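Take a look at the chain below. This report walks through a few of its features, one at a time.

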Amino acid sequence: MIKKILTVLFLSFVLTISAFSYSKEFNELYNLYYMINTNKEGDLNAVIEKIKNGNYGKIEKQTYENLILLMDIYMNPKSKREAYKLLNDNINKNTPLLSEKDADYMSSVADVMSGAINYSSFNDVIKLSAKAGEIYDNALKINANHFPSLLGKAILTAYSPEFVGGGIDKAIPIFKKAESNAKEKWEKHIVYLWTSQAYFKNNDKANYDKYMKMAKDIFPEGAFIKNVIDMNAKGKGMFN
């Protein structure tokens, strides 16, 4: 479950109406992550360190810090208590929001909240889900085509119960809109992969095969997609 929600972290980095332009290094970081295997771990860690030491403005730096924290927890699993503390401390650092005009930053905060769901009590899960959804929606008011918020909202919607407006059928149109706004290679890869999992949940083999093939064609040797394919082969999906 932990790897399901935390994958929300690996969202797109496109220009928004009022946001900064993401650095070349950050796109390189995510392309490396999705094609990562044992031969590329050193390259990935080098880019992470370069970004950590980069000279960015306050909001941009905090955005990167939010997302790199999630990446670290994903790549280096921690105890439930330690992960919860790291994520909760980060949420507190971002509360109140440092900016309500920067869609990229807002989406990164919502991603952290989505990640924290895995380690939280039932009451906190409800609270974090609602808050993350609200932040994604507010980011989409700034830019209705904002890929990180569209993908984050789609994943959150797919995991949410139908009685609160969630479910796979409600999520698929949002995934499709995210797909239409994906530009970088890794953006396309991750939206295809998540969409394949929505169709897997719906037992739609034709569309599952179609989207899984498109995802695999981009990064065929990636460890993450291999893990998902292995999971699917055993009858389990990211939304099961």
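A residue is called buried when its relative accessible area is under 20%, and exposed when that area is over 50%. Keep those two cut-offs in mind for this predicted model.

Start with N203. Its relative accessible area is 70%, so N203 is exposed. K236 has 54% relative accessibility and therefore also counts as exposed. T157 has 12%, so T157 counts as buried.

| Residue | Relative accessibility | Class |
|---|---|---|
| N203 | 70% | exposed |
| K236 | 54% | exposed |
| T157 | 12% | buried |

Where do these residues sit? N203 lies in the loop between α10 and α11, the latter spanning 205-218. K236 is found in the segment after α12. T157 belongs to helix α8, residues 147-159.

Now look at the contacts, setting aside neighbours within four places in sequence. T157 touches G165, G166, G167, K170, A171 and I174. K236 is in contact with F200 and M231.

**Two packed helices**

Two packed helices are described by the angle between their axes and the distance between the axes. Helix α10 covers residues 185-201, and helix α12 covers residues 223-233. They pack at an angle of about 5 degrees, and their axes are 12 Å apart. Angles under 35 degrees count as roughly parallel, so α10 is roughly parallel to α12.

Which residues meet? From α10 come H189, I190, L193, Q197 and F200. From α12 come F224, I225, V228 and N232. The residues of this contact divide into 6 nonpolar and 3 polar, with no charged ones.

**Backbone exceptions**

Most residues other than glycine have a negative phi, and most peptide bonds are trans. Two spots in this chain are worth checking against that. N203 has a phi near 60 degrees, a positive value in a residue other than glycine. T95 and P96 are joined by a cis peptide bond, with omega about 0 degrees. P96 lies in the loop between α5 (80-93) and α6 (103-116).

**Confidence**

How confident is the predictor? The mean pLDDT of the chain is 86, and 88% of its residues reach 70 or more. Residues 1-21 stay under 50 in pLDDT. For that stretch, the model has 89 contacts beyond four places in sequence.

Methods
Residues are numbered from 1 along each chain as its sequence is written. This is a predicted model: local features need pLDDT of at least 70, side-chain atom pairs count only at pLDDT 80 or more; totals for chains, interfaces and linings use all residues. Side-chain values use heavy atoms; hydrogens and water are left out. Axes are lines fitted to C-alpha atoms, for helices over the stretch in contact, and angles run from 0 to 180 degrees between N-to-C directions. Helices (H or I, at least four residues) and strands (E, at least two) are DSSP runs, numbered from the N terminus. Angles under 35 degrees count as roughly parallel, over 145 as roughly antiparallel, 65 to 115 as roughly perpendicular and the rest as oblique. Contact means heavy atoms within 4.5 Å. Ala, Val, Leu, Ile, Met, Phe, Trp, Tyr, Cys and Pro count as nonpolar, Asp, Glu, Lys and Arg as charged, and the others, Gly among them, as polar. Buried means under 20% relative accessible area, exposed over 50%, partly exposed in between (1.4 Å probe, protein chains only). pLDDT is the predictor's confidence in each residue, from 0 to 100.
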